[in-house]
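Hi everyone, thanks for coming along. I'd like to walk you through one structure today, so please have a look at it on the screen.

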Amino acid sequence: MKASVIIEKVLEILQGGAEATAEILDVMSSGYEESRRKISRSLKYGGRDFKSNWAEIYREKQKFYNLLNYLKIRGIVKNKKRGKESVWSITDTGLEKLDLLKERNLYSRESAQYKKGREDSNFKIIVYDIPVSEGNKKRNWLRAVLKNLGFTMLQKSVWLGKRKIPEELLNDLHRRKMLKYVQIFEVAREGTLRELT
């Protein structure tokens, strides 16, 4: 049997003993009528649950340390001993990996989710022309955003909808250096077209 499994079992047994001891002390420190009621409830429903599960806490800590060791083996993090403590830090390889992950997550499906604004009485027309040199990821991300916001594609780069444009989306377009390729128009009333960006 693995040492980690043995440790979990020992923790479960110790916690069971601690819970039983706490239950007994609670019953013994109560008055006669309350003691009888607590014993009756305990026999009928079992002991009360502790707020923490020692074995579960141990498992979670093990997962965390296993992850740190995995990252250390890959050269992504390193640790130095300072007295009794270990100080973890990211390596140059880790910084490169972090930049790649940030870039990948910048155009992920999850990043294309925005809270839908309230429906507006005016139509919004979004037109974009993202150069081929920028790659498909920006185009695909923007299409996913517009679809998630409830806009309808008129042509591949022309979308129509009646939703308010979230300010967060405008900030993200700026952060992704895409704002210069996107134009947002509002049709205030029939025959008028007003540019929003």
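I'll start with the overall picture, then turn to the strands, and finish with the aromatic side chains.

A word on the ground rules: this is a predicted model, where local features need pLDDT of at least 70, side-chain atom pairs count only at pLDDT 80 or more, and totals for chains, interfaces and linings use all residues. Residues are numbered from 1 along each chain as its sequence is written, and side-chain values use heavy atoms, with hydrogens and water left out.

So, what does the chain contain? There are six helices and seven strands, taken as DSSP runs numbered from the N terminus, with helices being H or I of at least four residues and strands E of at least two. Reading from the N terminus, the order is α-α-α-β-β-α-β-α-β-β-α-β-β.

Of the 197 residues, 25% are buried; buried means under 20% relative accessible area, exposed means over 50%, and partly exposed lies in between, with a 1.4 Å probe and protein chains only. The accessible surface of the chain is about 14600 Å², and carbon and sulfur atoms account for 55% of that; these areas come from the Shrake-Rupley method with a 1.4 Å probe, and for residues only the protein chains shown count as cover. If we take contacts (heavy atoms within 4.5 Å) between residues at least 6 apart in sequence, 61% join residues at least 24 apart.

Now to the strands, where pairing requires that DSSP finds at least two bridges between two of them. Strand β4 (residues 152–155) runs antiparallel to strand β5 (residues 158–163), with three bridges, and a hairpin of two residues connects β4 to β5. Here T152 faces L160 in β5.

Which strands does β3 pair with? One is β5, antiparallel over five bridges, with I126 opposite W159. Another is β6, also antiparallel, over six bridges, and there I125 is opposite F185. As a reminder, side chains in a regular strand alternate between the two faces of the sheet.

Staying with strand β6 (residues 182–187), let me point out E186. E186 counts as buried, at 6% relative accessibility. The E186 side chain makes a polar contact of 3.4 Å with the side chain of K124; that term means a pair of N or O atoms within 3.5 Å where, within protein, one must be able to donate a hydrogen and the other to accept it, and residues adjacent in sequence count only if both atoms are side-chain atoms.

On to the rings. The whole structure has three aromatic pairs, meaning Phe, Tyr or Trp rings (for Trp, the six-membered one) with centres within 6.5 Å, called stacked when the planes are under 30 degrees apart, edge-to-face when over 60, and tilted for the rest. F64 and Y65 are edge-to-face because their planes lie at 65°, with centres 5.5 Å apart. F64 is partly exposed at 46%, and Y65 is partly exposed at 42%.

Y114 and W141 are edge-to-face too, at 6.5 Å and 75°. Y114 lies in the loop between α4 (92–106) and β3 (119–128), while W141 is in helix α5 (residues 136–148), 27 residues apart.

Finally, what sits over the ring of W141? The charged end of R176 does, 4.1 Å from the ring centre. Likewise, the charged end of K162 sits over the F123 ring, at 4.7 Å. The criterion is NZ of Lys or CZ of Arg within 6 Å of the ring centre and within 35 degrees of the ring normal.

Thanks, everyone!
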